Amino acid sequence: TTPPPLTTPSPPHTTPPPTTPPPTTPSQHPAPPPPHIMSYVASSHEFFAQHATTGEWECTRPCAPLRDYLVEGAEQCQECYVPEALVLKKGLLFDIVRPDSHHCCCFTKAYARYVEGTGSVLATVAAALPVHHAADLIPMQLRYFSPREVANLHGFPTWVTFPSTTPLRQQYQVLGNSLNVTVVAHLIRHLLRPAQLTNK
């Protein structure tokens, strides 16, 4: 009989060892973190940020009260107080805030010259509410925010000042044409970050 042909046994099946990826050199300029979307919740006076990738929201910080932006000694500026005649005539048109408030109206260049829609005024003395007549506002001793306080609310550093010869009205006009530099900085970072990621 003819013997069967010889066959070479196949080698046992083995799993190749895992390959280690080559080490990567860290970039000189690390990629910026994913952008966030900011939101403000008025009921709790808190800022929230939404992660652009995961969509999760997290509380970043509480909104500071107005007292944190006030300047010590500003109440001594008699020029900053709203004249009593103006309070009696148009006092009900003012947007009145207190030191513990967490909001105020936008300041325009007509602040301290016009009443409605030019910016909030500060009640320096707590008074009984509600207010039915303009005369009820007199005990509050309403005053305008000082130029330095408006600058603080706009995010300007303390070294940004006016010459001593600049009239108060002109200071309000300059600040009324300003933007909040902190908000603008966040917007610029948010707008430029996608382009940076694409270029990388």
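This is a predicted model: local features need pLDDT of at least 70, side-chain atom pairs count only at pLDDT 80 or more; totals for chains, interfaces and linings use all residues.
I started with Leu191, which counts as exposed because its relative accessibility is 64%, over the 50% cut-off.

Next I looked up where Leu191 sits, and its place is in helix 4, residues 181-199.

I found three strands in an open sheet, ordered 4-5-6, with mixed pairing. Strand 4 (96-97) and strand 6 (142-144) are the edges, each pairing on one side only. I followed strand 5 (residues 121-123) across to strand 6: the two run antiparallel over three bridges. For Ala123, I noted Leu142 in strand 6 as the bridge partner.

How many does the whole structure hold? My search turned up two.

I took Arg143 and Glu149 as one entry: their side chains meet in a salt bridge at 3.0 Å, N to O. Are these residues buried or exposed? Arg143 is buried, because 3% relative accessibility falls under the 20% cut-off. Glu149 is at 0%, so I put it down as buried too.

The other entry is Asp100 with Arg98, a salt bridge whose closest N and O atoms are 3.3 Å apart. I logged Asp100 as partly exposed because its relative accessibility is 34%. Arg98 has 44%, so it goes down as partly exposed as well.

How values were computed: Residues are numbered from 1 along each chain as its sequence is written. Side-chain values use heavy atoms; hydrogens and water are left out. Two strands pair if DSSP finds at least two bridges between them. Helices (H or I, at least four residues) and strands (E, at least two) are DSSP runs, numbered from the N terminus. Buried means under 20% relative accessible area, exposed over 50%, partly exposed in between (1.4 Å probe, protein chains only). A salt bridge is a side-chain nitrogen of Lys or Arg within 4 Å of a carboxyl oxygen of Asp or Glu.
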